[in-house]
Amino acid sequence: MLAAQLLERRPAPQPVGEDNPWHTGAACQRDEVGLFFAPSKEPTAARLSREEQAKQVCARCPVLLECREHALAQPEPYGVWGGLTAAERRVVLARRRRRDVELREAAVRVPGPRRRIAG
């Protein structure tokens with residue numbers, strides 16, 4: 001399918017606000033919720049296949065980034081959100097925490113501007 005045809009099928013993003021939260025335009029609204037959340041005792045092969053199908057829905061979603069950030073901010077412990085599984089979100093959060101620590105440590109190590117004493 002051509003990219004132009006894909007764009008024609010994608011619903012136009014609506015402005016986000018109190019009357020129109022980000023999730024009202026989500027592609028998953030039209031799909032089975034079971035695709036995004038694992039049934040209990042799901043075999044690994046079935047889980048991987050289901051998660052891949054869910055990620056394909058996410059890939060065409062106009063609010064993918066809003067959904068992902070929501071899931072990271074909560075943090076959502078289950079399901080596929082914003083194209084990421086719970087395990088993938090844990091990795092992203094761990095990287096963000098490490099980056100934040102490194103930035104704070106770097107800020108402490110960098111001395112302020114040196115001043116010359118006139119005289």
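Y78 sits in the loop between α3 and α4. Helices here are DSSP runs of H or I, at least four residues long, while strands are E runs of at least two, all numbered from the N terminus. Y78 is exposed, at 61% relative accessibility. Exposed means over 50% relative accessible area, buried means under 20%, and partly exposed lies in between (1.4 Å probe, protein chains only). Together with V33 and F37, Y78 forms a nonpolar patch on the surface, with about 340 Å² of accessible area in total. Such patches take residues with over 30% relative accessible area and no salt bridge; nonpolar side chains (Val, Leu, Ile, Met, Phe, Trp, Tyr) are joined within 5 Å, like charges within 9 Å. The areas come from the Shrake-Rupley method with a 1.4 Å probe, and for residues only the protein chains shown count as cover.

This is a predicted model, in which local features need pLDDT of at least 70 and side-chain atom pairs count only at pLDDT 80 or more, while totals for chains, interfaces and linings use all residues. Residues are numbered from 1 along each chain as its sequence is written, and side-chain values use heavy atoms, leaving out hydrogens and water.

How far can the model be trusted? pLDDT is the predictor's confidence in each residue, from 0 to 100. The protein averages 81, and 75% of the residues score at least 70. Over residues 1-15 the pLDDT is below 50, and this stretch has ten contacts in the model beyond near neighbours in sequence. Contact means heavy atoms within 4.5 Å. Where pLDDT is low, the predicted coordinates should not be read in detail.

Now to the charged pairs. The structure holds five salt bridges. The term covers a side-chain nitrogen of Lys or Arg within 4 Å of a carboxyl oxygen of Asp or Glu. One of them stays within helix α2 (residues 44-59), where R47 and E51 lie four residues apart, about one turn of the helix. Their closest N and O atoms are 3.2 Å apart. R47 is partly exposed at 29%, whereas E51 is buried at 13%.

Another salt bridge pairs E88 with K55, at 2.7 Å between the closest N and O atoms. E88 lies in helix α4 (residues 86-109) and K55 in helix α2, so this pair links distant parts of the chain, 33 residues apart. Both are partly exposed: E88 at 28% and K55 at 22%.

R96 and E69 also meet in a salt bridge, at 2.7 Å from N to O. R96 is in helix α4 and E69 in helix α3 (residues 64-73), so the pair ties together parts that are 27 residues apart in sequence. R96 is partly exposed at 27%, and E69 is partly exposed at 37%.

Back in helix α2, look at R50. Is R50 buried or exposed? R50 is buried, with a relative accessible area of 9%. Beyond neighbours within four places in sequence, R50 is in contact with residues including G34, F36 and P39.

Two backbone details remain. Most residues other than glycine have a negative phi, and most peptide bonds are trans. K41 has a positive phi of about 55°, although K41 is not a glycine. K41 lies in the loop between α1 (3-9) and α2, and is exposed at 83%. Q74 and P75 are joined by a cis peptide bond, with omega about -20°. P75 is found in the loop between α3 and α4.
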